[in-house]
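Here are my notes on the model you asked me to look over. Have it open while you read.

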Amino acid sequence: MAKDNHGAVRRVVTGHDAAGRSVIVQDGASPFVLRTTATGPVVTDLWKTFRTPADNSDATEPCGDVTLAPPAGGSVFRVVQFPPDAGYMDGWDEHAAFAAMGHDLAGSATRKGNTVGMHTTASVDYAIVLSGEIWAVMDEGETLLKAGDVLVQRGTSHGWSNRTAAPASVAFVLIDALALPARG
């Protein structure tokens, strides 16, 4: 993962020229960034699709506002940089952070032990740890993920906890899915 001095994620996008030859159409830091607070996680969207199969003939920019869930029938590809918990968790307002991504945590159990921001989405999420270490926290249990590890999150209540002194970067592909029935 390439980053500039500000932690930006480089996005290289391919396309076609007027003769139908493959070309690079974009190469630079993705401008679709949401900083949840000055010291909290940074969410960078890299690409979105709005249906399956995706339409590769559409040359318009698909990203816009950073939202937690993928578009209905579509997907989102993003990188999230998680700072160490000790640097932001005590003062982090998870309700405000998730509201900024269009997700209401009302009625959700947003805290499990020291992990804040527990949430559920109607999606299948492929999470790939790019650097660092991060704990995937479930309602029952948790597991440590390290660089190169992959987690498949299937509409479960979950949260993330970086218990180290170094940032962790995780790439996510979120694909729209049917919501699971409410339990409890």
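The numbered points below go from the overall fold to the cavity, the pocket and a few residues.

1. Ground rules. This is a predicted model, so local features need pLDDT of at least 70 and side-chain atom pairs count only at pLDDT 80 or more, while totals for chains, interfaces and linings use all residues. Residues are numbered from 1 along each chain as its sequence is written, and side-chain values use heavy atoms, with hydrogens and water left out.

2. Fold. The protein chain has 1 helix and 13 strands. Both are DSSP runs numbered from the N terminus: helices are H or I with at least four residues, strands are E with at least two. Reading from the N terminus, the order is β-β-β-β-β-α-β-β-β-β-β-β-β-β.

3. Packing and surface. Of the 184 residues in the protein chain, 41% are buried (under 20% relative accessible area, with exposed over 50% and partly exposed in between; 1.4 Å probe, protein chains only). Take the contacts (heavy atoms within 4.5 Å) with a separation of 6 or more: 60% of them join residues 24 or more positions apart. The accessible surface is about 10200 Å², and carbon and sulfur atoms hold 54% of that (Shrake-Rupley method, 1.4 Å probe; for residues, only the protein chains shown count as cover).

4. The cavity. How many cavities of 30 Å³ or more are there? The count is 1, and the largest cavity holds about 310 Å³ of space. On a 1 Å grid over the protein atoms alone, a cavity is a set of points where a 1.4 Å probe fits but cannot get out, and lining residues have an atom within 4 Å of a point. Points are joined across faces, edges and corners, and a volume is the space filled by probe spheres set on them.

5. Its lining. The largest cavity has 22 lining residues, with Leu68, Phe82, Phe98, His119 and Trp160 nearest its centre. Two or more lining residues come from each of β5 (75-82), β12 (158-161) and β13 (168-176). The lining splits into 14 nonpolar, 6 polar and 2 charged residues (nonpolar: Ala, Val, Leu, Ile, Met, Phe, Trp, Tyr, Cys and Pro; charged: Asp, Glu, Lys and Arg; polar: the others, Gly among them).

6. The largest pocket has a volume of about 600 Å³; a pocket is an open set with protein on both sides within 12 Å along at least five of seven lines. It is lined by 23 residues, and Trp47, Asp55, Asn56, Asp58 and Ala59 are the closest to its centre. β1 (10-16) gives the most to this lining, with 6 residues. The pocket lining divides into 9 nonpolar, 8 polar and 6 charged residues.

7. His158. This residue sits in strand β12 and is buried at 4% relative accessibility. Its side chain reaches the backbone oxygen of Thr156 at 2.8 Å, a polar contact (N or O atoms within 3.5 Å; within protein, one able to donate a hydrogen and the other to accept it, and residues adjacent in sequence count only if both atoms are side-chain atoms). Beyond four places in sequence, His158 touches residues including His119, Asp125 and Met138.

8. Ala136. Where does Ala136 lie? Ala136 is in strand β9 (residues 133-138), buried with a relative accessible area of 2%. Ala136 and Trp160 are 24 residues apart in sequence, yet 5.1 Å apart C-alpha to C-alpha.
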